[in-house]
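Let's take a short walk through this structure together. Keep the 3D view open as you read.

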Amino acid sequence: MSETQERTGSLADLKEAVADTALAQEAIVHEPKRDQFGRSYATGRRKDAVARVWIKPGKGEIIVNGRTVDVYFARPVLRMLINQPFLVADRESQFDIYCTVSGGGLSGQAGAVRHGLSRALCHYEPELRGALKAAGFLTRDPRVVERKKYGKAKARRSFQFSKR
């Protein structure tokens with residue numbers, strides 16, 4: 001066998017191996033992750049906020065830090081942000097959500113709840129992962145507040161210059 005035939009033969013073997021692994025990856029079925037109460041849990045983060053989220057089948061009630069979502073997140077924009085994963089997954093009013101949030105402000109907390117909710121939905125129904133990932137809800141937003149540097153008024157702002 002010549003060197004070129006060996007290379008093309010190994011290339012064909014390589015293509016076959018890649019096709020086999022692609023079929024194997026498609027055959028992988030992710031199992032739902034649920035506890036003994038039928039709930040799925042996930043952690044969501046945004047800025048300095050951290051949300052612990054539990055979901056279970058129900059009527060669509062959302063409890064945040066012991067209060068209803070309408071009381072905790074009074075602004076409609078924040079409530080809309082939290083409901084986005086359900087709209088994308090077409091699962092409106094099918095799950096009860098219980099979450100605890102700490103750190104950051106209300107906007108960061110709403111983003112953390114959305115991130116945790118999306119991850120919990122993926123744990124509950126793994127087939128929803130594609131739709132949620134395409135919408136960008138499974139990606140943790142890495143933007144955080146820049147730290148203050150010494151010799152500066154804020155992170156980048158200098159003190160006012162005085163010539164005299």
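This is a predicted model: local features need pLDDT of at least 70, side-chain atom pairs count only at pLDDT 80 or more; totals for chains, interfaces and linings use all residues.

Start with the open sheet, where 5 strands follow the order E1-E2-E5-E3-E4 with mixed pairing. Its edges are taken by strand E1 (40-46) and strand E4 (67-68), each of which has a single partner strand, so one side of each is left without a neighbour in the sheet. How is E1 paired with E2? These two run antiparallel and share 7 bridges. Within this pairing, Arg45 sits opposite Val50 in E2. The hairpin of E1 and E2 has 2 residues between the strands, and Lys47 adopts a positive phi near 55° there. Although E1 is an edge strand, 5 of its 7 residues are buried, so E1 is largely enclosed by the rest of the structure.

Val64 has Arg67 of E4 as its bridge partner.

**The helix on the sheet**

Helix H4 packs on this sheet, where it touches E1, strand E2 (49-57) and strand E5 (95-102). The direction of H4 makes about 145° with that of E1. H4 has 19 residues and spans 26 Å from its first C-alpha to its last, close to the 27 Å expected at 1.5 Å a residue. The helix is mostly covered, with 14 of its 19 residues buried.

**Two residues to look at**

Ser107 lies in helix H4, while Glu125 belongs to the loop between helix H4 (106-124) and helix H5 (129-135). Is Glu125 buried or exposed? Its relative accessibility is 12%, under the 20% cut-off, so Glu125 counts as buried. Ser107, by contrast, counts as partly exposed because its relative accessibility is 41%, which falls between 20% and 50%.

| Residue | Residues touched |
|---|---|
| Glu125 | Arg91 and Phe95 |
| Ser107 | Arg75 and Leu78 |

For Glu125, the contact with Arg91 includes a polar one: their side chains are joined at 2.8 Å. For Ser107, Leu78 is worth a look too, as the two are 29 residues apart in sequence and 6.8 Å apart in space, C-alpha to C-alpha.

Key. Residues are numbered from 1 along each chain as its sequence is written. Side-chain values use heavy atoms; hydrogens and water are left out. Helices (H or I, at least four residues) and strands (E, at least two) are DSSP runs, numbered from the N terminus. Buried means under 20% relative accessible area, exposed over 50%, partly exposed in between (1.4 Å probe, protein chains only). A polar contact is a pair of N or O atoms within 3.5 Å; within protein, one must be able to donate a hydrogen and the other to accept it, and residues adjacent in sequence count only if both atoms are side-chain atoms. Contact means heavy atoms within 4.5 Å. Two strands pair if DSSP finds at least two bridges between them. Axes are lines fitted to C-alpha atoms, for helices over the stretch in contact, and angles run from 0 to 180 degrees between N-to-C directions. The expected span of a helix is 1.5 Å times one less than its number of residues. Lists of a residue's contacts leave out its neighbours within four places in sequence.
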